[in-house]
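Visitor: Hi! Could you walk me through this model and the places where something sits inside it?
Guide: Happy to, let's take a look together.

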Amino acid sequence: MVMFKVSKVETTPFDGQKPGTSGLRKKVKVFKQPHYLHNFVQATFNALPADKVKGATIVVSGDGRYFSKDAIQIIIKMAAANGVRGVWVGQNGLLSTPAVSAVIRERVGADGSKSSGAFILTASHNPGGPNEDFGIKYNMENGGPAPEGITDKIYANTTTIKEYFIAEDLPDVDISTIGVTKFGGPEGEFDVDVFDSASDYVKLMKSIFDFESIQKLLASPKFTFCYDALHGVAGAYAKRIFVEELGAQESSLINCTPKEDFGGGHPDPNLTYAKELVARMGLSKDHPEDNPPEFGAAADGDADRNMILGKRFFVTPSDSVAIIAANAVQAIPYFSAGLKGVARSMPTSAALDVVAKHLNLKFFEVPTGWKFFGNLMDAGLCSVCGEESFGTGSDHIREKDGIWAVLAWLSILAFKNKDNLGGDKLVTVEDIVRQHWATFGRHYYTRYDYENVDTGAAKELIAHLVKLQSSLPDVNKIIKGIRSDVSDVVQADEFEYKDPVDGSISKHQGIRYLFADGSRLVFRLSGTGSEGATIRLYIEQYEKDSSKTGRDSQEALAPLVEVALKLSKMEEFTGRSAPTVIT
Ligand code: G6P
Ligand code: ZN
């Protein structure tokens, strides 16, 4: 057995190591500075309860982006030096964010041990490569991101750090080969267990969904399928699940080889960045496609986000979660006993609210960020949840789950077509969505993003909107001057959330203007950008009349968009005449 010594290395704090919504995200160049990653890792070890470090087992892996392999070796050496007993690494350092959550909750090591947390190495949907982003976040024993109490402590530790511990002489571990390597240190044995990235996750998916019914759907010659991993880590799962388990053709998978730089692309599954899939599905004006597949989906870099498409048809994430919730009990065995409750983030459309009301389900509206769902799930209050930002998931883990969402949709399609696979025409994604609108009404929805806006200007815009909220009659007067055909604002506020589980209060979670007819305008600043400020404007309009649910969404929302832009003085504050991205 190779023995190692522990070195204490002196260091000084770096500015700005404050973990954001989803961990610490910076340019690779920043992470490559001597001691930079080390400081953050030591600050994390120091912030955790001692028994979650000494003698504990932790997971280290991520989406495989550039710098991950170096980071994994550094973290292994530091874990050894800090008295960790075992480190689990997905083969080649690959584990999707949902798979990490599943591994923490489900995996049992050869010696019967379970892990107590994980370093996830990802910057999610941000590009990767030497000049792009790297990221690191810590997840706890429930499989969810560290709560603010811990991330605040980590940050405080980064500001005072003087030393870190590392086993400098520990040889690099071969993370490309499955197996356990044992080392000996001052505190006893230290193991590194390299394991198959997919098997625990696949096992969990098979316990949730009826794979046989999905297989039958995929075997139907009338059903065609396309999955785009955007060269992210979802590729490591797509072949195993869609091809090997479910029998999809290998040609259904595009960009499914994980790459350190995501093939130079922006691994964010939306209509702007998932270009190849969007073209294949017949949704690109520049590249018309004669015969698009019936179903298409994409994931982001770490495979927690998803985009669902039908033939020439886009499903908004807000509709997606509502439709999954409406069909879960019949179509997905995991939910057959009923849903404990459902939840959405505040800017997500109210489509889910209508389903919750119809089905008499507990319903929660939480601030943006998956961590708010975790508390509800741990308390047994929520089974299915989702966000407009292409995140959908359930209480099977404590992260959103891109492949789960695809399997949920395939399950719904399989259920709707179970007596129909031999028929002339399958029930399509579009049919399901239109049927849903006919039953529940439609929430027309769009999001305008203004990226990399001057931070001061963004703050001024928000301050302006808050100030306007003090007088509703004035707001309504301004609005009527812009468009007379929109209804009245009946409530305007800054969204505030009291967590029903721990009682904690989150303030300033976005500006809301709520209209008499159920329409909403929401403005908020992104918490995930890495340069300047990003203003997000969410526009929503509810249409109950089933004869009016088939309109083009941008056209239906045009009056509200005009009101939003003029009321907020968007161009005046930002200098932008158009948003960077519309979803
Ligand atoms: C991450 C979180 C999501 C959240 C999103 C919001 O992806 O995991 O839960 O919805 O960030 O991002 P934003 O840029 O709007 O703050
Ligand atoms: Zn992600």
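Visitor: What classes of residue make up the shell around ligand 1?
Guide: The shell has one nonpolar, seven polar and five charged residues. Here Ala, Val, Leu, Ile, Met, Phe, Trp, Tyr, Cys and Pro count as nonpolar, Asp, Glu, Lys and Arg as charged, and the others, Gly among them, as polar. Before we go on: this is a predicted model, where local features need pLDDT of at least 70 and side-chain atom pairs count only at pLDDT 80 or more, while totals for chains, interfaces and linings use all residues. Residues are numbered from 1 along each chain as its sequence is written, chains are lettered from A and ligands numbered from 1 in the order in which they are written, and side-chain values use heavy atoms, with hydrogens and water left out.

Visitor: Thanks! Which residues are closest to ligand 1?
Guide: Of the 13 residues that surround it (a heavy atom within 4 Å), the closest are Glu-387, Lys-400, Ser-526, Thr-528 and Arg-536.

Visitor: And which polar contact does Ser-526 make with the ligand?
Guide: A polar side-chain atom of Ser-526 lies 2.6 Å from an oxygen atom of ligand 1; a polar contact is a pair of N or O atoms within 3.5 Å. Arg-524 has a side-chain N or O atom 2.7 Å from a ligand oxygen, and for Arg-305 the distance is 2.9 Å. The protein buries 95% of the 390 Å² that ligand 1 exposes when taken alone (accessible areas by the Shrake-Rupley method with a 1.4 Å probe).

Visitor: Why does ligand 1 lie between domain 2 and domain 3?
Guide: Because domain 2 (200–440) and domain 3 (442–582) both give residues to its shell. The bounds come from an automatic or database domain assignment, which also gives domain 1 (2–196).

Visitor: New topic: how much space is in the second largest pocket?
Guide: About 920 Å³. On a 1 Å grid over the protein atoms alone, a pocket is an open set of points with protein on both sides within 12 Å along at least five of seven lines, whereas a cavity is a set where a 1.4 Å probe fits but cannot get out; lining residues have an atom within 4 Å of a point. A volume is the space filled by probe spheres set on the points.

Visitor: What lines that pocket?
Guide: It has 31 lining residues, with Leu-271, Leu-283, Phe-314, Asp-552 and Gln-554 nearest its centre. The largest share, five residues, comes from β20, a strand (a DSSP run of E, at least two residues). Domains 2 and 3 both contribute, so the pocket lies between them.

Key: Helices (H or I, at least four residues) and strands (E, at least two) are DSSP runs, numbered from the N terminus. A polar contact is a pair of N or O atoms within 3.5 Å; within protein, one must be able to donate a hydrogen and the other to accept it, and residues adjacent in sequence count only if both atoms are side-chain atoms.
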